[in-house]
Amino acid sequence: MSAPSYETLIVEAHGPVTLIRLNRPQALNALNAALLDELAAAVAAAEADEAVRCLVLTGSERAFAAGADIKEMADKSYADMFAADTFTRGARAIEQCRKPIIAAVAGFALGGGCELAMMCDFILAADTARFGQPEINLGVAPGIGGTQRLTRFVGKSKAMEMILTGRMMDAEEAERAGLVSRIVAADKLVEEALAVAAKIAGQSPLAVMMNKELAETAYETTLAAGVAVERRLFHSLFAFEDQKEGMAAFVEKRKPAFKGR
């Protein structure tokens, strides 16, 4: 069975890692309906493939994604936007993916591009990366979670300033603020993201999915409720063969051979 063909994405298999590259160079990877539909399909395909353990989402050296496609939206009415449920399908595919998704961001990640990166599980930033939510300059607001995620990630004061002024932050500020996990040289960004993804892919896939779920729970609920969930899922991991293999390998000083069971 041949791999699906995409017009706005380049999808590559790197062993157990799927690399998805946004590919609208003429528009700095602006997010239009076609791209978001294809992204939803590509993420769903990777989610359904048992051989895939981790995903990497990236753009070009110049832009991860410079925002939503303004030309596509400019003449839309409220009824048009509501009826199409604009942005929901593409966002939902990433939000609901149980496998880890790493955003590898170089260049501009603005508006919808910044929101897309924040939807991923963590962000590796090139030293050229610039993040922002400049929707205010167009007389609108973020619509893919920008006001909610940015505020949770960097705090109210910095998020409010960026959202109300449209100011961009560079990679160093983004790392200091906690928006990105770390900074990588631009020419090594995808290589490093694939190496990190391969490390994740080598772990027990069941434990990876549970740890992802637990970390997401941390900012969705109270500390007491989150700790209770963590403890029960920790207990439940002892029902899996991978737990026995992982602990036996540690005791025997060898590399574990996880099977996802």
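Helix H4 (88–95), helix H5 (112–119), strand S7 (122–126), helix H6 (146–154) and helix H10 (205–218) each put at least two residues into the lining of the largest pocket. This is a predicted model. The pocket has a volume of about 670 Å³. Elsewhere, the largest nonpolar core holds 49 residues, and S2, H1 and S3 build a right-handed β-α-β unit.

**Largest pocket**

- The lining of this pocket, about 670 Å³ in volume, counts 27 residues.
- Closest to the pocket centre are Met 119, Cys 120, Asp 121, Glu 216 and Tyr 219.
- Which element gives the most to the lining of the largest pocket? Helix H10 does, with five residues.

**Nonpolar cores**

- In soluble globular proteins, nonpolar side chains tend to be buried together.
- Within the largest core, of 49 residues, the most contacts belong to Val 43, Leu 57, Val 105, Leu 116, Phe 131 and Leu 179.
- Helix H1 (residues 33–48) contributes the most to this core: seven residues.
- Leu 116 touches residues well beyond its own stretch of sequence. Setting aside neighbours within four places, its contacts are Leu 22, Leu 31, Leu 39, Leu 57, Phe 64 and Ile 94.

- Strand S1 (residues 9–14) pairs with S2 in the antiparallel sense, over six bridges.
- Glu 12 has Leu 19 of S2 as its bridge partner.
- S1 and S2 form a hairpin, with two residues between the strands. Gly 15 sits in the turn and has a positive phi of about 60 degrees.
- S2 also pairs with strand S3 (residues 54–58). These two run parallel and are joined by five bridges.
- Arg 21 stands opposite Thr 58, which is in S3.
- The right-handed β-α-β unit takes in S2, helix H1 and S3.

**Asp 37 on helix H1**

- Asp 37 belongs to helix H1.
- Asp 37 counts as partly exposed because its relative accessibility is 36%, between the limits of 20% and 50%.
- Along the chain, Asp 37 and Arg 167 are 130 residues apart. Their C-alpha atoms are separated by 29 Å.

- Most residues other than glycine have a negative phi.
- Leu 28 is not a glycine, yet has a positive phi of about 50 degrees.
- Where is Leu 28 found? Leu 28 is in the loop between S2 and H1.
- With a relative accessible area of 22%, Leu 28 is partly exposed. The cut-off for buried is under 20%, so Leu 28, at 22%, does not count as buried.
- Lys 253 is another non-glycine residue with a positive phi, of about 55 degrees.
- Lys 253 lies in the segment after helix H12 (241–251).
- Is Lys 253 buried or exposed? Lys 253 is exposed, with a relative accessible area of 76%, and the cut-off for exposed is over 50%.

Terms used
Residues are numbered from 1 along each chain as its sequence is written. This is a predicted model: local features need pLDDT of at least 70, side-chain atom pairs count only at pLDDT 80 or more; totals for chains, interfaces and linings use all residues. Side-chain values use heavy atoms; hydrogens and water are left out. A nonpolar core is a set of buried Ala, Val, Leu, Ile, Met, Phe, Trp, Tyr and Cys residues joined through side-chain atoms within 4.5 Å. Buried means under 20% relative accessible area, exposed over 50%, partly exposed in between (1.4 Å probe, protein chains only). Helices (H or I, at least four residues) and strands (E, at least two) are DSSP runs, numbered from the N terminus. Contact means heavy atoms within 4.5 Å. Two strands pair if DSSP finds at least two bridges between them. A crossover is right-handed if, with the strands pointing away from the viewer, the path from the first strand over the helix to the second runs clockwise. On a 1 Å grid over the protein atoms alone, a cavity is a set of points where a 1.4 Å probe fits but cannot get out, and a pocket is an open set with protein on both sides within 12 Å along at least five of seven lines; lining residues have an atom within 4 Å of a point. Grid points are joined across faces, edges and corners, and a volume is the space filled by probe spheres set on the points.
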